[in-house]
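Dear colleague,

I am passing on the structure below, together with some notes for someone who has not looked at it before. Please read them with the structure open beside you.

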Amino acid sequence: RDMVAYHTVPRIIETWRRAHAAGINAFVTNNHTPHVGEALRGYLADDPDPMQWIAQVSPVDDDMFKAIDIVADVGCRALFLHGSVIDNAFTDRREADVRAWLDHAKQHGIPAGVAAHAPEAHDWVYDMGAADFHKVCFFNCGSLHDGKGEKFRLSDIEHAIERIQRFDKP
């Protein structure tokens with residue numbers, strides 16, 4: 001509650017402006033936190049030279065296509081599908097869904113990538129050849145999203161680095 005109370009829409013926008021003034025030219029944030037969305041719309045619409053927004057996309061009303069359309073319309077310069085979305089698609093082997101979502105995003109003329117917590121999920125998507133880039137987590141912390149608690153292991157870093165070095169995409 002304290003964090004949400006402190007990070008008001010004006011403070012978020014001020015933080016982005018200060019970051020940009022310091023030479024940072026891009027930022028990542030999600031599409032589903034209401035006050036962050038309000039800040040995004042204001043910042044991207046009002047700033048004459050905004051940083052580039054890379055959107056972390058989760059479904060809106062259980063609809064990933066709708067979410068992709070919204071972030072593209074708001075003005076993201078690239079997007080990636082949320083790690084838990086890809087982890088779940090990997091578990092259920094929903095390749096057709098992942099391909100359809102990424103193809104849909106690319107129709108907006110923006111790079112479309114994926115995040116995932118499990119290195120194996122990245123391998124799966126990479127082998128599809130469908131993503132423009134991968135956001136590889138150093139820790140396989142997917143357990144946070146399925147209620148199993150925090151499980152950060154230093155040995156996870158080695159597996160993440162192996163993926164980063166193996167993939168020929170950013």
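The notes that follow begin with the sheet and then turn to its individual strands.

Please keep in mind throughout that this is a predicted model.

The sheet is an open one, built from five strands in the order E1-E2-E3-E4-E5, and the pairing is parallel. Strand E1 (26–30) and strand E5 (133–136) stand at the edges and have a single partner strand each, so one side of each is left without a neighbour in the sheet. From one strand to the next, the twist averages 25°.

Going across the sheet, strand E2 (residues 52–57) is joined to strand E3 (residues 78–81) by four bridges, with the two running parallel, and Gln56 has Phe80 in E3 as its bridge partner. E3 is in turn joined to E4 by three bridges, again in a parallel arrangement, and here Leu79 is partnered by Ala112 of E4.

Strand E4 (residues 112–116) deserves a separate look: five of its five residues are buried, so this strand is largely enclosed by the rest of the structure. Ala112, Val114 and Ala116 point one way from E4, while Gly113 and Ala115 point the other way, and all are buried.

With best wishes

Terms used
Residues numbered from 1 in each chain as written. Predicted model: local features only at pLDDT ≥ 70, side-chain atom pairs only at ≥ 80, totals over all residues. Heavy atoms only, no water. Pairing = 2+ DSSP bridges. Axes fitted to C-alpha atoms, helices over the stretch in contact; angles between N-to-C directions. Buried < 20%, exposed > 50% of the residue type's maximum accessible area, 1.4 Å probe, protein only.
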